[in-house]
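Reader: I have some labels to check. Please show me the structure, and then tell me what stands behind each label.

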Amino acid sequence: MEYCSSLMDMTWLVFAPNLKKIDIWYCDNMEEIISVKKWGEVSEKMGNLNLFAEVEFLCLVGLSNLKSIYWNPLPFRKLKTVNVIGCPKLKKLPLDSNSAKEHTIVIKGQKNWWKRLEWEDQATENAFRNSYQKA
């Protein structure tokens, strides 16, 4: 998805359970990937979906207003790489210490973004300490 200035979220991705790659570039008004409000409406009707279970690559570029991917840690069973460039308001990734148990996840981004990143807890920060690569 590129250059969609009016797109506010991408909650509809919950209907793509086999998605392997999420690539979102320059959607200036996007504040969250999965909307808390819209997710509540969807999950009531569909039950608990295994969100992003098949995703291997997540790339977010130039999302100047993005604040959230998802509000809780997600079980990214196959995630290999996360690229975050030009997303200064994104301060937290939906990862916890369990996200790194099965495999290594590489997180690429700008150094100043990485330094400001907030972690779920100390165990999560420790689990991902060596995952960073400069983008």
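Reader: What makes the lining of the largest cavity nonpolar, polar or charged?
Author: This is a predicted model. Its lining residues divide into 7 nonpolar, no polar and no charged. They are L58, F76, L79, V82, L93, P94 and L95. Leu, Phe, Val and Pro count as nonpolar, so each of these residues takes that label.

Reader: How many cavities of 30 Å³ or more does the structure hold?
Author: The structure holds 1. The largest cavity has a volume of about 30 Å³.

Reader: Where does S131 lie?
Author: S131 lies in the loop between α3 (122–128) and β5 (132–134). Leaving out residues up to four places away in sequence, S131 touches I105, V106 and I107.

Reader: What makes the pair of S131 and I105 a polar contact?
Author: The limit is 3.5 Å between N or O atoms, one able to donate a hydrogen and the other to accept it. A polar atom of the S131 side chain lies 3.0 Å from the backbone oxygen of I105.

Reader: Which residues touch the most other members of the largest nonpolar core?
Author: The core has 35 residues, and I24, I33, F52, L60, L90, L93 and I107 touch the most other members. β1 (21–25), β2 (57–61), β3 (81–85) and α2 (111–116) each supply at least two residues of this core.

Reader: What does L90 touch, not counting residues up to four places away in sequence?
Author: Its contacts include L60, V84 and W113.

Definitions and conventions: Residues numbered from 1 in each chain as written. Predicted model: local features only at pLDDT ≥ 70, side-chain atom pairs only at ≥ 80, totals over all residues. Heavy atoms only, no water. Helix = DSSP H or I, 4+ residues; strand = E, 2+ residues; numbered from the N terminus. Contact = heavy atoms within 4.5 Å. 1 Å grid on protein atoms, 1.4 Å probe; cavity = no way out; pocket = protein on both sides within 12 Å on 5 of 7 lines; lining within 4 Å. Points joined across faces, edges and corners; volume = space filled by probe spheres on them. Core = buried A, V, L, I, M, F, W, Y, C linked by side-chain atoms within 4.5 Å. Buried < 20%, exposed > 50% of the residue type's maximum accessible area, 1.4 Å probe, protein only.
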